[in-house]
Amino acid sequence: MYAEQFILTLSCQNRPGIVAAVSTHLFRAGCNILEAQQFDDRQSDLFFMRVVYNFVESARSLETQRSEFVPVASTYGMDFSIRNRSERQRVLILVSRFDHCLADLLYRWRTGELPMDIAGIVSNHPRETFAHHDFSGLNFHFLKISHETKQEQEAQLWSLVQSTGTDLVVLARYMQVLSDDLAAKLSGRCINIHHSFLPGFKGAKPYHQAHERGVKLIGATAHYVTAALDEGPIIEQDVERISHYDTPDDLVRKGRDIERQVLARAIAWHLDGRVLANGSKTVVFRD
């Protein structure tokens with residue numbers, strides 16, 4: 001049996017026969033289903049599905065697989081995607097001064113936990129800011145930005161996304177707001193991480209603000225970037241309980257840990273085709 005695996009994801013209006021049509025098609029194509037997950041959103045009446053499969057005998061090319069699935073997709077009005085599971089996506093990481101998420105992603109990438117190729121690291125701070133990091137074999141781009149140069153800097157950033165063949169942009173505590181235009185260009189392929197105090201505690205030192213209010217839970221949110229600031233479709237969230245014993249520094253430290261974990265999970269699920277858009281929400285087929 002061939003080890004090469006493929007991922008089929010799809011969404012469409014819900015109606016009887018979808019699962020049967022997909023499984024029958026894969027059976028007739030000589031495929032073995034390895035994983036199958038589905039969700040029927042009863043509010044929108046939309047159906048979502050993710051299938052991992054391989055071929056019992058010789059595998060067809062991706063082009064052939066996609067063209068052969070078109071009749072099924074047309075019958076049910078499906079939006080679908082088929083890709084090789086082993087194909088590594090190219091990820092561009094954007095970071096500002098706070099580098100805890102960057103350090104975590106580099107570690108998970110080097111250990112193979114995040115199977116991706118790093119297209120580059122971009123920061124609005126010079127490389128000297130990250131002198132304690134090992135960027136061996138990685139391209140670092142210092143794109144300085146100010147209010148007056150924002151449009152020019154984003155043009156450089158977009159050019160970099162295109163020239164490096166970037167599939168996914170990760171805002172790993174990149175403390176700059178993307179313009180509506182750039183957010184639209186990166187729709188569905190740009191993930192941001194931030195603390196979960198929004199919209200309650202905005203601006204500088206949110207953990208200190210939370211401490212002043214005596215919050216009992218802190219957390220982090222990873223979401224797709226949209227023109228609506230910090231309001232894109234949520235992929236993953238997590239929280240941790242705290243108490244009156246915790247100082248503002250304790251909140252910051254615990255917050256960093258949650259941000260690292262939440263961002264890593266969101267990226268891993270995106271890379272493995274587990275996140276499907278559902279309007280202002282997402283469907284996440286967790287492993």
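Analyst: The largest share of the lining of the largest cavity comes from helix H2, which supplies three residues. This is a predicted model, in which local features need pLDDT of at least 70 and side-chain atom pairs count only at pLDDT 80 or more, while totals for chains, interfaces and linings use all residues. Residues are numbered from 1 along each chain as its sequence is written, and side-chain values use heavy atoms, with hydrogens and water left out.

Helix H2 covers 62-76, and at least two lining residues each come from H2, helix H1 (18-28) and strand E3 (46-55). Helices (H or I, at least four residues) and strands (E, at least two) are DSSP runs, numbered from the N terminus.

A search of the whole structure finds one cavity of 30 Å³ or more. A cavity is a set of points on a 1 Å grid over the protein atoms alone where a 1.4 Å probe fits but cannot get out; lining residues have an atom within 4 Å of a point. The volume of the largest cavity is about 80 Å³, counted as the space filled by probe spheres set on the points, with grid points joined across faces, edges and corners.

The lining is made up of Leu8, His25, Leu26, Ala29, Cys31, Tyr53, Phe55, Arg60, Gln65, Glu68, Phe69 and Ile82. By class, eight of the lining residues are nonpolar, two polar and two charged. Here Ala, Val, Leu, Ile, Met, Phe, Trp, Tyr, Cys and Pro count as nonpolar, Asp, Glu, Lys and Arg as charged, and the others, Gly among them, as polar.

Methods:
On a 1 Å grid over the protein atoms alone, a cavity is a set of points where a 1.4 Å probe fits but cannot get out, and a pocket is an open set with protein on both sides within 12 Å along at least five of seven lines; lining residues have an atom within 4 Å of a point.
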